[in-house]
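Here is a short briefing on one protein chain. Have the sequence and the 3D view ready as you read.

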Amino acid sequence: MILNTLIVIATVVAMEGVAYATHRFVMHGPLGWGWHRSHHEEADGVLEKNDLYAVVFTVLSGALITFGIAGVWPLRQIGVGLMVYGILYFIVHDGLVHQRWPFRWVPRRGYLKRLVQAHKMHHAVDGRDGCVSFGFLYAPPVTDLKRRLARTGALRSSGAAPGGTRNGTSPVT
């Protein structure tokens, strides 16, 4: 029981690294930008093509859980860890950062404010190149991200966040 719980927790922690790499090298790469671009552009409706990534990871999680239940240990625990990470992603990224919920709450201080700021800085760049902060639950210090954006010169000239942020607030405040 304890080992199974530790595997779930380790998977959730490891998923931040997997999500970072997937976001940076697949979603912002030539292979995945076709879906992810919708997340960096003005949103027309509730769903965007980028949401297909959630479908892919949900199917993967379900498959791991299914094979684990069929007796392939520890796939069930890994699948559950992936599912828990997906729930946290949905709460933090879709809800808190992009305000894709029917209610609004904007953190005014602390780590959650830093997390929102870091992701808004990710969206402060036009296109897929020159972005910063590819994680979803870990946010580097905002001053470091500002420095990196200034160094690359990739910051959008208006300083305004694109529609993909879904709440129109400035990405660097």
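Predicted model: local features only at pLDDT ≥ 70, side-chain atom pairs only at ≥ 80, totals over all residues.

At 17% relative accessibility, D51 counts as buried, because buried means under 20% relative accessible area. D51 forms a salt bridge with R100, and the closest N and O atoms are 2.7 Å apart. The points below start from that pair and then turn to the rest of the chain.

**Salt bridges**

- The whole structure holds 3 salt bridges.
- The bridge between R100 and D51 links distant parts of the chain, 49 residues apart. R100 sits in the loop between α4 and α5, while D51 sits in the loop between α2 and α3.
- R100 also forms a salt bridge with D94, where the closest N and O atoms are 3.7 Å apart.
- D94 is buried, because its relative accessible area is 10% and the cut-off for buried is under 20%.
- Together, D51, D94 and R100 are linked in a network of salt bridges.
- R147 and D144 form another salt bridge, with their closest N and O atoms 3.2 Å apart. Both residues lie in helix α6, 3 residues apart, which is about one turn of the helix.
- D144 is partly exposed, at 32% relative accessible area.
- Why can such pairs form? Side chains of opposite charge can pair when their charged atoms come close.

**The chain as a whole**

- How many helices and strands does the chain have? There are 6 helices and 0 strands.
- Along the sequence, the pattern reads α-α-α-α-α-α.
- The chain has 173 residues, and buried residues make up 42% of them.
- Take the contacts with a separation of 6 or more: 59% of them join residues 24 or more positions apart.
- The accessible surface is about 9,600 Å². Carbon and sulfur atoms account for 68% of that surface.

**Nonpolar cores**

- In soluble globular proteins, nonpolar side chains tend to be buried together.
- The largest nonpolar core here has 12 residues, including V92, L115, M121, V132, F134 and L149.
- Helices α5 (110-122) and α6 (142-152) are the elements that give two or more residues to this core.
- Which residues does L149 contact, leaving aside neighbours within four places in sequence? They are M121, V125, G130, V132, A154 and L155.

**A nonpolar patch on the surface**

- W35, L52, V55, V56 and V59 form a nonpolar patch on the surface. Together they have about 420 Å² of accessible area.
- Helix α3 (residues 52-69) supplies the largest share of this patch, 4 residues.
- V59 lies in helix α3. V59 counts as exposed, because its relative accessibility is 56% and exposed means over 50%.

**Buried histidine H122**

- H122 belongs to helix α5. Is H122 buried or exposed? H122 is buried, at 0% relative accessible area.
- The side chain of H122 reaches the backbone oxygen of S133 at 3.5 Å.
- Beyond residues up to four places away in sequence, H122 touches H23, H28, H36, H40, C131, V132, S133 and F134.

**Loops worth a look**

- S133 lies in the loop between α5 and α6. Its phi is positive, about 55°, although S133 is not a glycine. S133 is buried, with 5% relative accessible area.
- Q99 lies in the loop between α4 and α5. Q99 also has a positive phi, near 55°, and is a residue other than glycine. At 4% relative accessibility, Q99 counts as buried.
- E48 lies in the loop between α2 (33-36) and α3. The residue E48 is buried, at 11% relative accessible area.
- The side chains of E48 and H39 are joined by a polar contact of 2.7 Å.
- P74 is found in the loop between α3 and α4 (75-97). The peptide bond from W73 to P74 is cis, with omega near 5°.

Methods. Residues numbered from 1 in each chain as written. Heavy atoms only, no water. Patch = residues over 30% accessible without salt bridge, like charges linked within 9 Å, V, L, I, M, F, W, Y side chains within 5 Å. Areas by Shrake-Rupley, 256 points an atom, 1.4 Å probe, with all protein chains shown as cover. Salt bridge = Lys/Arg side-chain N within 4 Å of Asp/Glu carboxyl O. Buried < 20%, exposed > 50% of the residue type's maximum accessible area, 1.4 Å probe, protein only. Core = buried A, V, L, I, M, F, W, Y, C linked by side-chain atoms within 4.5 Å. Contact = heavy atoms within 4.5 Å. Polar contact = N/O pair within 3.5 Å; in protein donor to acceptor, adjacent residues only side chain to side chain.
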